[in-house]
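Hello,

Here is the structure I promised to pass on. My notes on it follow below; have a look when you get a moment.

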Amino acid sequence: MSIAEIFDNMDYGPAPESSEAALQWIAARKGKFDHFINGDWVKPSSKKWFESLNPATGKSLAKIATGNARDIDAAVSAARAAQKGWRDLGGPARARYLYALARAIQRNARLLAVLETLDNGKPVRETRDIDIPLVARHFYHHAGWAHLQDQEFGDFEPMGVIGQIIPWNFPLLMLAWKIAPAIAAGNTVILKPAEYTSLTALCFAEICKDVGLPEGVVNIVTGDGKTGEALVKHPDIHKIAFTGSTEVGRLIRQATAGSGKHLTLELGGKSPFIVFDDADLDSAVEGVVDAIWFNQGQVCCAGSRLLLQEGIAEKMVAKLQKRMETLRIGDPLDKSIDMGAIVDPVQLSTIKSLVKKGAVEGGTVWQPKCDMPEGGCFYPPTLISDVTPASTVAQEEIFGPVIVSMTFRTPDEAVAIANNTRYGLAASVWSENINLALDIAPKLDCGVVWINSTNQFDAACGFGGNRESGYGREGGHEGMMEVLKPKFLSRLPSYKETKAPTPADYKTGATLADLDRTPKLYIGGKQARPDSGYSLPVFSAKGDKIGEVGEGNRKDIRNAVEAARKATSWTKASSHNRAQVLYYLAENLDIRKAEFADRLKLMSGVSAKKAQAEVDATIQRLFSYGAWTDKYESAVHSPPMRGVTLAMKEPIGTIGIVCPDDNPLLSMVSLAAPALAMGNRIILIASERHPLTATDFYQVLETSDMPAGAVNIITGPRDELTKTLAEHDDVKSVWYFGPQGGSRLVEAASTGNMKRTWVNNGKARDWFDIAQAEGREFLAQATQIKNIWIPYGE
Ligand code: NAI
């Protein structure tokens, strides 16, 4: 037999990894696991345990404690008690613990990899080569941040106690993403693993004990969604970090609205995998394998929509089908298989029903003739072609080994289809033309772009999405900022609401010569009459009626959002040009400073000196942000793979800004200027009590080359207008700086498009204090980071 014939006839030989050590580890704990609270194992107060199954065999692996509110309470108490001591230990001392955890993970790498595979069903090849090494890397990387904390984050402090809820698709890796940055920064945590996959988290708890991590720093409470709910609701938690489905993310946003809890959400995705005519098709085929058959497609950023340029579509599909024929599905412990088991029968039936729907909707479902294992939870690699961009399978997250394909003709069409989803997590772009790839990347509305690669992750690079894929970033400097808060925040006084005029004061017909000049709203660069046709009285600090403003309503907000959407020229303008406009605004305000000071004095009752100081500070603030426009720079991360990651700070889009009543001119400009400096278009809801400086300000805007629609100003009933803004799908972020009730309103109303929110939680800032009212914190809120992975160097 010739060598070629041997190769042709060679049978596939299994290379099974032994499960013995992992099964022994479980058996040594009598197959039953309690919660890990305050450094010890604690029985669930429910006295209930649930079964955790091996999805590849359907057999029970272990019994896991069902956590309830009492268990959560005990864990939160432990975390609270431990937090100050852990923080005060200092970064370098905390770093030593994180290094110890990283090393212990490496020492236990094989056990953790096999345990993960048994519990989750993913191939041991992946847990061994990807999940566990990345877990160790996360602890190493964040040990470094702990060490550098005072130097790099000197003005920040840990948030406190953080509740973390993770999914089942990367059980230990998601734990590392959540726990490593949080404890590095000096927080303590309560982590709830997903109910299907708790075992590696419990093994990690043992590792924490082994390395002598102080008690209460890491607490692990197991259970299902109800346990998660109890964690979310606990009043002594300062932040919730969640990864999972968009539906549950929405519930968590609702449940935490107005509570003051910080929130990061890493939710679902329907990421495009875009292949241009000139791509290296063989590489792209391997890319698809990694994009959608990695972890059986149960990956939030899986490339699940294949967008093919028409010229290569047929060829690419043929190559892909050929490759699919060679994928091996089987025992996840076999090191030679490509795809293991789906996590649970529930997930399997979701996948099956969505594929059925794809066929009913006219898609062509294709599966290779591969050997499928008997029993267990398995599903073959699947390609659904001829789908339309609006069909269910092109829109809904299948979270299984199923890719849908579509074609496009031009790069613009590719971008339009790519962005035609409610999600915005990741994208892959395949082209040998770097000009084309780098032209497409900024146009994709998502948090991560991989050029000629896919599914790359590293602890130094931020990860997270836009739109209904959530907000916040995990990893690197960006991720550290999500577990720290400015030190001054905990010292802020409460926001004092100035008594608003009562409805009885409205429309009373009080007269004043000044009323002849009732200011209108400012929409799309024009003064616009309010849709309601009504005006509202404005009172001086003494209670005299000093003017009227338009009573804006929903329709006015919608018109303003429409105007802002069209004002793309502001976003496209260079940072140099935006700076020029901000300087121009400052100069024009300077010319009219006496007039503004008089108005402030009359309206808010401050002395002439204070009014003058407020106008001066406002002018300085505009100059500051003119300076910042080209200095709040993007970063380049260096992951330990070939290439670099550009962490591009991009504008968010349309931001709604609800202004406070205190220092009405300075506070409004302190909020508007950073948003504008970064290229956003804004809708300002003026101070309800003191709106006249806002309406005077549009005369400054009109003389300062600000493009129409970049700034829109609405006066009227704050809460009503705020609600409309927060519910509007084209508004991507809402900033709210009024009384406490409004923070709740904004957060609760934001779930439609999962918009970002930035609220003051009923606290008042000192708008004169640069540390509180200007700079990076504001600029960070005005931008979202897109991590673009590009080939670079050898
Ligand atoms: P899920 O979102 O229900 O579960 C994720 C975590 O949240 C689990 O730990 C769960 O116990 C917990 N949880 C559930 N309900 C909760 C609540 N009301 N409050 C607090 N915590 C709660 O995800 P599930 O049901 O496991 O998967 C359903 C779908 O979600 C999948 O088919 C997939 O489309 C998507 N998914 C997305 C993930 C991602 O990484 N973005 C990860 C897992 C699932």
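Let me begin with Cys301, which is buried, with a relative accessible area of 1% (buried means under 20% relative accessible area, exposed over 50%, partly exposed in between, with a 1.4 Å probe and protein chains only). Cys301 is in no disulfide, and the nearest cysteine sulfur, that of Cys300, is 4.5 Å away; a disulfide here is a pair of cysteine sulfur atoms within 2.5 Å. Cys446 is buried too, at 4%, and is likewise in no disulfide, with the sulfur of Cys301 the nearest at 11 Å. Searching the whole structure gives 0 disulfides.

Please bear in mind that this is a predicted model: local features need pLDDT of at least 70, side-chain atom pairs count only at pLDDT 80 or more, and totals for chains, interfaces and linings use all residues. Residues are numbered from 1 along each chain as its sequence is written, and side-chain values use heavy atoms, leaving out hydrogens and water.

Now the sheet. It is open and mixed, with 10 strands in the order β14-β15-β16-β13-β12-β17-β18-β32-β26-β25. Strands are DSSP runs of E, at least two residues, and helices are runs of H or I, at least four, numbered from the N terminus; two strands pair if DSSP finds at least two bridges between them. At the edges, β14 (364-366) and β25 (635-637) each pair on one side only. Strands β15 (382-385) and β16 (402-408) run parallel over 3 bridges, and Ile384 stands opposite Val404 in β16.

Best wishes
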